[in-house]
Amino acid sequence: MSTSQETTTDLTATIKESQTQQNQDTATPKVNTLSVEEIYRILPHRYPFALVDRIIEYIPKEKAVGIKNVTFNEPHFQGHFPGRPIMPGVLIMEALAQVAGIIFAQMEDIQKGLFVFAAMDKVRFRRPVIPGDQLILTAKVLSLKSGKFGKIQGIAEVDGQKAAEGDLMFSMMD
């Protein structure tokens, strides 16, 4: 094979590789992250009920993954339980709901307003969450109806172990 044929063959292979990579890049959803300041611009929750410190993965209309750093100075640990602080399960579910709120609040085809809990189903608490733990909160959209009702699957993990999980349903308040 001549040098010009080799160069053309190499160039063609390089272009095909590049096109394949571009097709893979467009097929893979872009992963977005959000700081606590950006979360505050999206969600109405404030201390002591702002329970998400950062969003580390966000795929619009599909999924969000957040982080909650559990610290000893949070007010619920004063009474739950003295001498053996454990994060209340309902607050773990609330943290998952707030991660879901990041998804729903940014959907264009959804009515704007305040989403609130409508129901929880299949909720299970698997391990205690204590000060010093870092909760990884994953919310995946299961359904959205009429722009007013949403359902997510939520999983809260600590060190790769499930701490809690459940399906959470939301409704838009009038």
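Two residues are said to be in contact when heavy atoms of theirs lie within 4.5 Å. The model shown here is predicted. Under that definition, V129 touches V70, P85, I86, M87, I92, L135, V158 and A163, where residues up to four places away in sequence are not counted.

In soluble globular proteins, nonpolar side chains tend to be buried together. In this model, the largest nonpolar core has 36 residues. The residues with the most contacts inside this core are I55, M87, I92, V129 and L135. Five elements are listed as giving two or more residues to the core: the helix α3 (89-105) and the strands β1 (54-59), β4 (134-145), β5 (149-158) and β6 (161-172). Of these, α3 gives the most, with 11 residues.

Buried means under 20% relative accessible area; because the relative accessibility of A97 is 10%, A97 counts as buried. A97 touches F117, L168 and F170, again without counting residues up to four places away in sequence. A97 and G154 are 57 residues apart in sequence, and their C-alpha atoms are 8.0 Å apart in space.

The aromatic rings form the next topic. A pair of aromatic rings is described by the distance of the centres and the angle of the planes. A search of the whole structure finds 3 aromatic pairs. In one of them, the rings of F104 and F115 have centres 5.4 Å apart and planes at 25 degrees; planes under 30 degrees apart count as stacked, so this pair is stacked. F104 is in helix α3 and F115 in strand β3 (residues 115-125), so that the pair links distant parts of the chain, 11 residues apart.

F104 is buried, with a relative accessible area of 2%. Which arrangement do the rings of F104 and F170 adopt? Their centres are 5.8 Å apart and their planes stand at 65 degrees, so the pair is edge-to-face. This pair, too, links distant parts of the chain: F104 belongs to helix α3 and F170 to strand β6, 66 residues apart. F170 is buried, as is F104. Together, F104, F115, F117 and F170 form one aromatic cluster.

The charged end of R46 sits over the ring of Y40, at 4.3 Å from its centre.

Key
Residues are numbered from 1 along each chain as its sequence is written. This is a predicted model: local features need pLDDT of at least 70, side-chain atom pairs count only at pLDDT 80 or more; totals for chains, interfaces and linings use all residues. Side-chain values use heavy atoms; hydrogens and water are left out. A nonpolar core is a set of buried Ala, Val, Leu, Ile, Met, Phe, Trp, Tyr and Cys residues joined through side-chain atoms within 4.5 Å. Buried means under 20% relative accessible area, exposed over 50%, partly exposed in between (1.4 Å probe, protein chains only). Helices (H or I, at least four residues) and strands (E, at least two) are DSSP runs, numbered from the N terminus. Rings of Phe, Tyr and Trp (its six-membered ring) pair if their centres lie within 6.5 Å; planes under 30 degrees apart count as stacked, over 60 as edge-to-face and the rest as tilted. A charge sits over a ring if NZ of Lys or CZ of Arg is within 6 Å of the ring centre and within 35 degrees of the ring normal.
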